[in-house]
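Please keep the sequence and the coordinates at hand while reading.

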Amino acid sequence: MLSKNKSNDLNDGDDNLVKEQVEERDQRIRDGLAKIGEEGTAEELIEFYDKNAKEFEETRGLVRSNPGREHLARAVSRAVSDKSARLLECGAGTGAGAEYVFQQGFTNIDALEPSQGMLDIAKIKNIYKHIYCAAFQSDKQLDIQDDTYDALFFSASFLPGHLGVEHLPEMIRILKPGGVIIFNVADKYLLRAEEFKDGKLDSALQSFVEDGRFESVSTERGPYRVQEDCNIYTIYIAK
């Protein structure tokens, strides 16, 4: 008969093995995503998310412990005082970010996500009021009216092949005057992504302030994932 301590040791070993296996699978997904984001087409990226949606959600609880989403949700709560405000999560994925925002007391949240596979999982959580299976495009408007939202938020979506500076004009269009955008960008992208590095992102955001489309841009430091930090941007649109 195993002693209690010995039994616990075996259980810990099994848990560690499972975690290692999930981490390997998660890294494979990350590597594939990075490659397509940098070199692939928008259609290939959506196909990748559709194919791996279930794995994204399954691994999230174990190795996607994401303090960045929780920290971003608190930033949303600080920027938007009205808990009934109409919010849109951009690049909503499986709804992981909205879960934390919902916990902050917000109940009027919509989702925008181009992967139907990811949205099929998000729908089950019953967080969103409305769901749009669509993507921001620099040369085409979304099927959303002007001045619809009080705030837009997104975590781990402002990165190569996903959302970028070129999509900000469309975000401004669907936001109410005086609305706010809250998002994070991981250090690895700020340092290495061609469109973000060497201060290019901050300079691009400041140009929107200078031409009057943004009222202000503030930046704070925060966690992104375990042992990985990020910038959190809070942008107020001109009234």
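**The sheet and its surroundings**

Seven strands, in the order E3-E2-E1-E4-E5-E7-E6, make up an open sheet of 7 strands with mixed pairing; two strands pair if DSSP finds at least two bridges between them, and helices (H or I, at least four residues) and strands (E, at least two) are DSSP runs numbered from the N terminus. Strand E3 (128-132) and strand E6 (214-225) stand at the edges, and because each has a single partner strand, one side of each is left without a neighbour in the sheet. On average, neighbouring strands of this sheet are turned by 20° against each other, direction ignored; axes are lines fitted to C-alpha atoms, for helices over the stretch in contact, and angles run from 0 to 180 degrees between N-to-C directions.

The model is predicted: local features need pLDDT of at least 70 and side-chain atom pairs count only at pLDDT 80 or more, whereas totals for chains, interfaces and linings use all residues. Residues are numbered from 1 along each chain as its sequence is written, and side-chain values use heavy atoms, with hydrogens and water left out.

Within the sheet, strand E5 (residues 175-186) and strand E7 (residues 228-237) run antiparallel and are joined by 7 bridges. In one of these strands, E7, Ile-235 is the bridge partner of Ile-181. Helix H3 (residues 67-79) packs on the sheet, where it touches strand E1 (87-90), strand E4 (149-154), E5, E6 and E7; contact means heavy atoms within 4.5 Å. The direction of H3 makes about 150° with that of E6.

**Salt bridges**

The model has 13 salt bridges, each being a side-chain nitrogen of Lys or Arg within 4 Å of a carboxyl oxygen of Asp or Glu. One of them joins Glu-220 to Arg-78, with the closest N and O atoms 2.8 Å apart. This pair links distant parts of the chain, since Glu-220 lies in strand E6 and Arg-78 in helix H3, 142 residues apart. Arg-78 is exposed, at a relative accessible area of 52%, and Glu-220 is partly exposed at 27%; buried means under 20% relative accessible area, exposed over 50%, and partly exposed in between (1.4 Å probe, protein chains only).

Glu-99 and Lys-125 also meet in a salt bridge (2.8 Å, N to O). Glu-99 lies in helix H4 (residues 96-103) and Lys-125 in the loop between helix H5 (116-124) and E3, so the pair ties together parts that are 26 residues apart in sequence. Together with Glu-57, these two residues, Glu-99 and Lys-125, are linked in a network of salt bridges.

A further salt bridge connects Arg-173 and Glu-170 (2.7 Å, N to O). These residues are 3 residues apart in helix H6 (residues 168-174), and therefore Arg-173 and Glu-170 are separated by about one helical turn. Arg-173 counts as buried at 13% relative accessibility, as does Glu-170 at 8%.

**Helix H8**

Helix H8 (residues 200-210) has the buried residues Leu-201, Ala-204, Leu-205 and Phe-208. Seen down the axis of H8, its buried residues fall within an arc of 95°, so they line one face of the helix; the arc is that of the directions from the helix axis to the C-beta atoms. What covers them includes H6, E5, helix H7 (187-192), E6 and E7. The face of H8 turned away from its buried side carries the exposed residues Ser-203 and Glu-210. Just after H8, Gly-212 takes a positive phi of about 90°.
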